[in-house]
Amino acid sequence: VGLGSKRRYIHIIGCMMAMAAYNFPTLHVLGPDENGVLEVAMNRPQQLNAMNNQFWRDLNTCFDTVDDDPNVRAVILHQGSSRIFSAGLDISGSGSETNPLLSTEDTDVARKSLKVVKAIILPQRAVSAVEKCRKPVIAVVDGACIGGAVDLIAACDIRYCTSSAYFCIKEVEVGLAADVGTLQRLPKIVGNDALVRELVYTARKLHAAEALGLGLVASVHVDREATMAHARAIATTICSHSPLAVLGSKVSLNYSRDHTTQEGLDHVATMNSTFLQSEDVVTAMVAAMSKSKATFSKL
C-alpha cells in the first residue's frame, strides 16, 4: 500500500472518529477535510437558528472539542440550511424551566438572582468558547444576523457576509442590555465607539456595505455560495501553514488585545521561546528555500 493510500485511510478513520465527537442536536458538523477545515453549521432552520439553552450547551462543547482536536486547523461557522444566519435568542422557549425570572419557586430576590446569573453565564461561556478556541474561526453570514447572533460572530476571528446580510443589536427593543459579548467585543473590532453606541441604543440595521466600511466583516460577496467558497479558500490557506504558528498567532492577538503593548510583547516572547524550537520552523524554512510545499505534523 502506497503512502498516499495510507494517508487517505488515516484521514477516513479520523473523520469517522470526528463524526462521533461532533454529534449535536442543534449543530451539524462536517469534516475535518484532508486540509484540516471543519465546518460547523447551526442546525435549527425551522426556528431560523434561534438560540436556546441546548444550542448554547452544544456550542460550548463543540468548540472545546475543536480546541483539543489535532485534526482541526481552522473552522467555518455558518447558518446551514436556514434562510437567515440567526434570529438570535429563542424567546419562544423561554418558559420558567429556562428563564428563572418567570419562576415562582423563589420569592427571595437574592436567591432568584443567583439563578438568573447562572442563566446569563450559560450563553456567555458558549460564545467565549468560540473566542478561546485556539483554531481560527471564520463566520459566514447571509441574511439577518440578530441579537445573540451578533454576540456570536463578534467572538469569531474573521467574518465574511453576502451583500444581502445585515446585523442588528436588537436587545434594547426587548428591554435589556446585550449581555453575551457584543458590548465588550464590538467596540474593539470596529474602533468607532460613537457608531457602536448608535447601533446599540437604536437597534437599527447595519447593512453589509456599512459593515464592510466599519471593518466588522473582511469582505462582502454576491451570494451565499460565493461567500462560502471564499471562506473555504481562506481556511484552506490558513491550514497550509504551521498549525503551531497559526495557533500561537491567535493566542497572542487575543492576549495583546486585552493587555498593554509591553505585556503582549512579554507574552509572545515567552511563548516563542518554546515555539521557535519546533520542527515547524525548520520545515517552513526548507520549503521556502526549495520552493516546495511544506507538510506540517498535526498538533
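Colleague: Which residue of β7 does Cys145 stand opposite in this predicted model?

Modeller: Cys145 stands opposite Phe167 in β7. The strands concerned, β5 and β7 (residues 166-168), pair in the parallel sense over 3 bridges.

Colleague: What makes β5 and β7 count as paired strands?

Modeller: Pairing requires at least two bridges between two strands. There are 3 bridges between β5 and β7, so the two strands count as a pair.

Colleague: Why are β5 and β8 called edge strands?

Modeller: The open sheet of 3 strands has the order β5-β7-β8, with mixed pairing. The strands β5 (144-146) and β8 (205-207) each pair on one side only. Neighbouring strands of this sheet are turned by 20 degrees against each other on average, direction ignored.

Colleague: How do you know whether Cys168 is buried or exposed?

Modeller: A residue is buried under 20% relative accessible area. Cys168 has 4%, and therefore counts as buried. Cys239, at 4% relative accessibility, is buried by this cut-off.

Colleague: What makes β6 a mostly covered strand?

Modeller: In β6 (residues 158-162), 4 of the 5 residues are buried. This strand pairs in the parallel sense with β4 (residues 137-141) over 4 bridges, and 3 bridges join β6 to β9 (residues 219-221), also running parallel.

Notes: Residues numbered from 1 in each chain as written. Predicted model: local features only at pLDDT ≥ 70, side-chain atom pairs only at ≥ 80, totals over all residues. Heavy atoms only, no water. Buried < 20%, exposed > 50% of the residue type's maximum accessible area, 1.4 Å probe, protein only. Axes fitted to C-alpha atoms, helices over the stretch in contact; angles between N-to-C directions.
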